[in-house]
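Please look through the sequence and the structure shown below, and keep both in view while reading the report that follows.

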Amino acid sequence: MNTNAPVPTAAPAWPFPDDFAFSQSSLQAYEDCPRRFWLAYVQQLPWPALEAAPALEYEQQLRWGSVFHKLVERAETGLHVPAANLPTPLAEWWDAYANHRPRDLDLGRREVEFVLNATLTRSGQSPPDQAEQDATVPGAIYRVAAKYDLIAIVEDGPIIIVDWKTGARRPRPETIQRKWQTALYPFVLVESAANLDWGPIDPERIELRYWFTAEPENPIIFRYSRLRHEETRTRLTATVREIFAGVGERDFPKIPDTEANRLRFCQFCIYRSRCDRGISAGPLDETLNDTLDTSLDENLLANALDFTLDDVGELAF
């Protein structure tokens, strides 16, 4: 045996793009199934499978959800909304917004379609001096990002994060509370606020509201706190460390192949056939109720409305 032979070293961490930031979507993918995270965010592997069936109806629901968010964005920035003769279900959603929009959102400054980033170290803290950090170590410095439908900042009052939801039903609060979005959105707001012109903010001022077209008078509201902030920091730090500890696909296993997991996760995953977890897509109504975020795909809006983002001035994306 040649004891002088070089010792193999672990493969380097995957080449994330320089501008990569962890989001609620990527963190949720990892929590739901580490293999899905690996395929989607590490290998960035396209896979020609439907998320839900029937396909045309699914695509149309995505489009309507995106158009609804654009109509609300336009209204919240003070521009005219071409609301006459909207097709179903868009007309019903718009009526719900027009008649049941929370009035207290008008009490302060509003930021619409706002993107924030926070830079953190392995300890989960904001780096005091990035020059002192060893950026060659995977995960020594990483970013987390959140895109907000609306933030209302009431002077000497609450800071309200609003997320407009167009699902067919209002989910159970305990279901949505477990989602990474509920933890990450207030966390990123607090961590990045020192760099905003409205300055550092106390976590106790923040509330996150999920507003539903299905039940516009019954939003789900989560109050934030310093304790929840530190709990999220701990959870995020542990998750990111675990991700960066992996060096290959074997370190990102599939979730156990149980009937419950197939029903809850696999049937809505585009990689299900690659993982031998089925061929047929899950039913559309279940996807829209619990897992679908229809607010982020800007490409679906081409020629959908007679206005562009230029109409609303400088927005952060």
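## A residue in a loop

L196 lies in the loop that runs between α6 and β5 (206–212), where helices (H or I, at least four residues) and strands (E, at least two) are DSSP runs numbered from the N terminus. With a relative accessibility of 17%, L196 counts as buried, a word that stands for under 20% relative accessible area, while exposed stands for over 50% and partly exposed for values in between (1.4 Å probe, protein chains only).

Leaving aside neighbours within four places in sequence, L196 is in contact with F114 and L116, contact meaning heavy atoms within 4.5 Å. L196 and L116 are 80 residues apart along the chain, and their C-alpha atoms are separated by 9.6 Å.

## How the model is read

This is a predicted model, in which local features need pLDDT of at least 70 and side-chain atom pairs count only at pLDDT 80 or more, whereas totals for chains, interfaces and linings use all residues. Residues are numbered from 1 along each chain as its sequence is written, and side-chain values use heavy atoms, with hydrogens and water left out.

## The whole protein

The protein has 9 helices and 7 strands, and 49% of its 317 residues count as buried. Among the contacts in the protein with a separation of 6 or more, 71% are accounted for by residues 24 or more positions apart.

L184 is found in α6 and is buried, with a relative accessible area of 0%. Leaving aside neighbours within four places in sequence, L184 is in contact with S23, Q24, L27, A145 and L236. L184 and S23 are 161 residues apart in sequence, but 8.0 Å apart in space, C-alpha to C-alpha.

A nonpolar core is a set of buried Ala, Val, Leu, Ile, Met, Phe, Trp, Tyr and Cys residues joined through side-chain atoms within 4.5 Å. The largest one holds 50 residues, of which F22, Y148, L189 and L236 touch the most other members, and its largest share, 8 residues, comes from helix α6 (residues 180–192). Leaving aside neighbours within four places in sequence, Y148 is in contact with V112, E113, F114, L116, I161, Y185, V188 and L189. Another core, of 19 residues, lies apart from the largest one and has V81, W93, L150 and W211 among its members.

## Two packed helices

Helix α1 (residues 24–32) and helix α2 (residues 34–42) pack at an angle of about 140°, with their axes 5 Å apart. Axes are lines fitted to C-alpha atoms, for helices over the stretch in contact, and angles run from 0 to 180 degrees between N-to-C directions. The two helices are therefore oblique to each other, since angles under 35 degrees count as roughly parallel, over 145 as roughly antiparallel, 65 to 115 as roughly perpendicular and the rest as oblique. S25, S26, A29, Y30 and D32 of α1 make the contact with P34, R36, F37 and Y41 of α2.
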